[in-house]
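User: Please take a close look at one part of this structure. I would like to see how that part sits in its chain, and how the chain meets its partner.

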Amino acid sequence: MPGILEVRHLCKTYESAGRALTVLHGIDFSLRSGDSCAIVGPSGSGKTTLLGLCAGLDNATSGSISLDGRLLENLDEDGRASLRNRLAGFVFQSFQLIPTLTAIENVLVPLELRGQRGGEPEAARLLVQVGLADRLHHYPLQLSGGEQQRVALARAFINRPKILFADEPTGNLDAETSAPIVEMLFGLNREAGTALVLVTHDPTLARRARRIVTMRGGSIVGEQENAAL
Amino acid sequence: MPLSDQPGGIWTALVDAWTWRMAWRDSRTERYRLAIFSLAIIAGVAALVSIHSLKASLKRGIATQAKALLGADLQITSHRPFAADEIADLSARGRRIAQEVSFSSMLYFPDSDAARLVQVRGIEGDFPFYGAVRTTPPEAWGRLHSEPGIVLERATMEQYKAKEGQRVKLGALELPILGAIDKPPPRGNRFGGFAPEAYVRLSDLDRTGLLAQTSLASFHIELELRGGADAQAIKREIADAYPDAGWRMETPEDRRETLGNALDNFEQFLGIVAIAALVLGAIGVAGAVHAHVSRRVPAIAILRCLGCSADRAFAIYLVQTIAIAAPGAAAGCAFGMGLHALVIALFRESLPVAIDARPEWIAAGETTFSGFAVCCCFAVLPLLRIRRISPSSTLRDGAAPADSSSSWRTWPVYLVLAALLVALALLGDPHWKRALSLVAGLGAAFAILAGLARGLVFLARRAVRPRWPYLLRQGISNIHRPRNQTLLFLLSLGLGAFLLCTILLSKNLVSRRIDLPQFAESPNLYLIDVQPDQVEGVSAIVKSQRLEVIENAPLVAMRIRSVRGVPVRELEKRGSIPKWVLQREFRSSYRDRLNATEKLVAGNWFDPGFTLGAPTPLSLEEEIAKDLHVGVGDELTLDVQGVPIKARIASLRKVDWSRFNLNFFMIFPPGALDRAPGFHVLTTRLPAGRSSGELQRALVQAFPNVSAIDLTLVLETVRGILEKVERVLSVLAGFTVLAAIPILAGALLNGRDQRIVEGVLLRTLGASASQVRAILTIEYATLGALSATAGLLLAAAANYALAIFVFKVDPTLDARVLAGGFAITTGLAVAGGLFLSRGISSHPPLAILRGAG
């Protein structure tokens with residue numbers, strides 16, 4: 001299968017209090033279409049930074065990232081935004097719903113941003129699929145944490161992404177609420193043939209991915225494949 | 001193709017329906033905050049519209065009433081009687097002619113045994129030709145033309161409880177009162193005198209015997225020209241026919257110009273108030289938008305993450321701004337037009353021309369649009385931050401605010417803003433230099449406050465000591481913590497305090513000029529028009545009243561004929577010397593010493609051994625010397641009642657005009673003008689509480705031509721006028737206060753959420769509500785006090801500059817304004833801050849902490 005994500009010699013350095021702080025050192029990493037990969041490691045190991053760079057949410061200091069054949073370093077911020085809109089879906093630890101929009105309006109945003117109209121039936125279908133049939137017109141503040149994350153999942157899949165980036169998707173949820181979310185995440189991932197990049201501290205969740213990449217101190221220190229998958 | 005890939009995205013995004021839909025949706029939970037933004041625009045535009053409408057009404061009033069304001073097509077004024085052949089010639093140039101003689105004299109009320117200085121106006125003919133005179137009873141004016149009598153101002157009649165038919169004495173003549181004047185005929189003098197007017201027939205004036213004795217009379221001829229005649233052309237013809245007559249001629253066009261000039265300072269002040277109010281409102285707008293954008297950073301980061309371009313994200317909030325600013329500006333326009341009508345209704349009597357409260361659509365339209373544009377520009381500055389919000393903020397809890405470093409995109413906005421403000425300043429005052437200075441001053445204040453804010457953050461970081469009590473330490477530390485709003489707070493409140501206090505201090509500068517206490521040692525009663533042969537008699541009467549004759553100055557009227565050999569006409573053409581200096585009549589004196597209110601700044605005082613001869617030595621006041629571009633040794637040719645006199649400047653004097661001593665632009669040595677026709681002015685000082693009535697009665701019996709001017713009455717009149725003007729100015733300054741309220745709200749809203757979250761966190765950790773309030777009080781009090789200090793220091797500097805360069809007075813500060821400004825600014829910052837942070841004790845911590853997550 002062709003590679004959806006190619007990362008070469010990736011470095012990221014921040015300037016902090018007049019000192020350079022390197023948080024990623026020479027990362028090489030790739031992911032095929034439809035594949036799933038969990039990035040694990042202790043806090044501060046650079047997992048979220050790597051995810052953000054792969055999704056084009058930030059600029060790398062050096063190195064190269066190719067997303068579906070497009071080199072991110074050749075794109076400006078608006079170019080990367082356009083690419084994200086067409087290719088990527090996101091699920092965040094803190095849900096990141098827009099508080100002024102209802103559940104269905106939140107789900108529709110990626111379609112509306114590309115100028116696509118008439119997406120309401122599909123948004124409603126996805127919300128029904130994640131179990132929120134009676135919450136379509138509720139605002140985020142009127143939903144529980146688990147319900148908010150389900151809205152985020154529906155939003156992540158509305159634009160039929162080629163790749164889904166999930167940053168601690170169950171980090172803010174208890175085990176009971178997490179379980180259906182994880183099922184939905186992987187279920188939708190399978191159904192849509194979407195590649196999945198998952199950052200997590202949860203070993204159980206990580207084991208659901210086909211590959212597990214372990215990071216420490218800004219470098220990849222281990223990689224294993226889940227033979228069972 | 002996805003829209004976010006399209007080039008030129010901002011314009012495309014602005015016309016896309018989704019942008020507008022998203023702007024509407026995004027405002028759902030923010031509408032009451034956006035109302036603050038709207039209020040700021042309403043206040044700023046309302047002030048601008050009302051002030052510029054008032055100016056437009058005044059201009060329109062002057063333009064439409066110019067003929068009625070003059071009452072004739074041409075008015076000729078002379079300080080000597082017109083000769084019969086001159087009258088015949090002038091009469092032949094028009095369709096109708098009227099004559100008037102006016103001078104000050106004492107009017108005696110026998111029934112109440114009281115005398116009053118009045119401005120006597122003896123009129124002959126059908127003057128005014130334009131506009132009507134109204135009296136009570138209505139026939140009084142008509143009777144005045146056909147029978148002996150006098151018409152007085154209503155206030156004069158009320159003061160002496162005089163009734164129609166009662167007799168009064170003017171000089172040697174007793175006349176019955178025919179009625180009270182309600183709407184007087186236009187005045188020949190540019191400005192009304194301090195004395196009330198009394199109208200008589202010109203033929204009766206001759207019988208009073210006053211005309212033969214007075215030297216201060218003005219003689220006027222008013223002409224109604226034939227249809228289609230060009231008043232300016234006839235004015236030029238008369239000037240050519242009588243080149244040496246020294247007549248002053250005025251047409252309706254000239255009067256329009258004169259009135260316009262007289263209103264110049266008033267308009268300038270109005271222009272400054274208008275811009276100050278608008279800038280205050282616009283700062284409120286910027287503060288409210290900044291607060292709004294800060295709250296929307298997470299939502300914007302999510303949108304960016306989901307593929308929204310920077311242009312489109314910017315467009316969403318620009319649309320919100322426009323959608324709120326446009327109705328806000330329209331409401332401000334309506335409010336401003338209402339205020340305009342209200343000001344005219346309330347202060348109609350205080351305005352120099354009669355104006356109706358008709359809406360000034362063009363002025364309102366222009367200023368509404370300009371105000372809207374300025375407010376939008378101010379709003380765009382914080383909106384530009386949106387473009388720099390990174391989508392990576394979504395990955396970290398409590399999305400980081402945008403990088404606040406300056407961007408090249410802000411400079412065009414600043415330039416457009418400066419251009420708009422200059423254009424607005426030019427609407428208020430058409431002088432480029434002054435308009436640029438005003439905007440540059442505002443810019444400098446802005447830069448200084450920004451610098452102070454940065455300095456404060458730096459100091460706060462270094463000043464906090466571990467041994468300080470926790471509450472104090474926390475309160476001060478809040479000033480330099482990440483995401484602090486110190487810069488915006490200081491800019492908003494500091495600029496507000498600066499502009500408001502500058503306006504109040506300027507008002508005080510003008511008021512201080514007429515403060516009574518400083519005249520405690522000065523003369524307070526002037527006896528004018530004392531003929532040379534009456535000086536002894538008048539002095540005797542003054543002394544018989546146990547009063548001292550403080551000064552006795554002879555007065556001789558003269559005009560400038562040439563300066564350093566260059567004739568006045570030539571100098572007028574060159575335009576390097578102000579016209580009023582070249583055309584004015586100087587009342588000069590002669591004496592052998594300086595008085596207490598003047599000092600020599602160049603040259604030497606007259607040599608005691610001076611002998612008469614040409615050129616005559618002359619001591620000139622230094623400011624008039626500057627206007628004439630002359631110095632010690634230069635020569636002037638003066639026209640003394642038709643006789644040319646050569647004078648050489650022997651010295652320059654600095655004169656304190658604010659004291660009511662007898663001071664003059666030109667002083668000659670004794671003997672130099674002995675033979676020139678003139679009169680004397682004597683001054684005396686009445687002890688506190690003593691009335692001048694007794695002295696005035698004695699004088700009017702013995703010397704009816706001598707007029708007594710009681711300074712305390714004059715000052716009361718001045719004070720009355722100034723009170724009226726001050727009331728108008730206070731209402732207008734009130735607009736700026738109105739515009740300042742949203743600033744406070746905008747400044748306080750910034751960082752409010754952050755403070756609430758921190759406060760709730762402290763409460764969760766065991767802090768009491770009072771401890772949290774103490775920390776907030778320390779923070780707001782520090783910020784308020786520093787904003788006030790910075791604003792007041794700037795206001796003091798502006799006051800200093802205005803005193804020296806505009807009002808030409810010694811710069812002093814009104815400590816009450818400064819102390820009040822400090823207390824109010826600091827108090828409002830603390831009270832407003834605590835009010836807006838009240839959520840800390842009324843909300844359950846959990847709800848806020850969840851929201852913060």
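Analyst: Helices here are DSSP runs of H or I with at least four residues, numbered from the N terminus. By that count, B:Val772 has its place in helix α25 of chain B, which spans residues 769-805. Keep in mind that this is a predicted model.

Is B:Val772 buried or exposed? B:Val772 counts as buried, because 23 C-beta neighbours lie inside 10 Å. The cut-off for buried is 20 or more. B:Val760 is 12 residues away along the chain, and the C-alpha atoms of B:Val772 and B:Val760 are separated by 8.5 Å.

Now the chain around that helix. Chain B has 28 helices and 21 strands. Its length is 853 residues, and buried residues make up 44% of them. Take the contacts in chain B with a separation of 6 or more: residues 24 or more positions apart account for 85% of these.

Next, the partner. Chain B puts 25 residues in contact with 27 residues of chain A. On the chain B side, two or more residues come from each of these elements: α2 (17-26) and α11 (264-305). Helix α11(B) gives the most, with four residues. What kinds of residues form the side of chain B that touches chain A? That side divides into 11 nonpolar, eight polar and six charged residues.

Notes
Residues numbered from 1 in each chain as written. Chains lettered and ligands numbered in written order. Predicted model: local features only at pLDDT ≥ 70, side-chain atom pairs only at ≥ 80, totals over all residues. Contact = placed C-beta atoms within 7 Å. Nonpolar A, V, L, I, M, F, W, Y, C, P; charged D, E, K, R; others polar. Buried ≥ 20, exposed ≤ 12 C-beta atoms within 10 Å, placed from the backbone.
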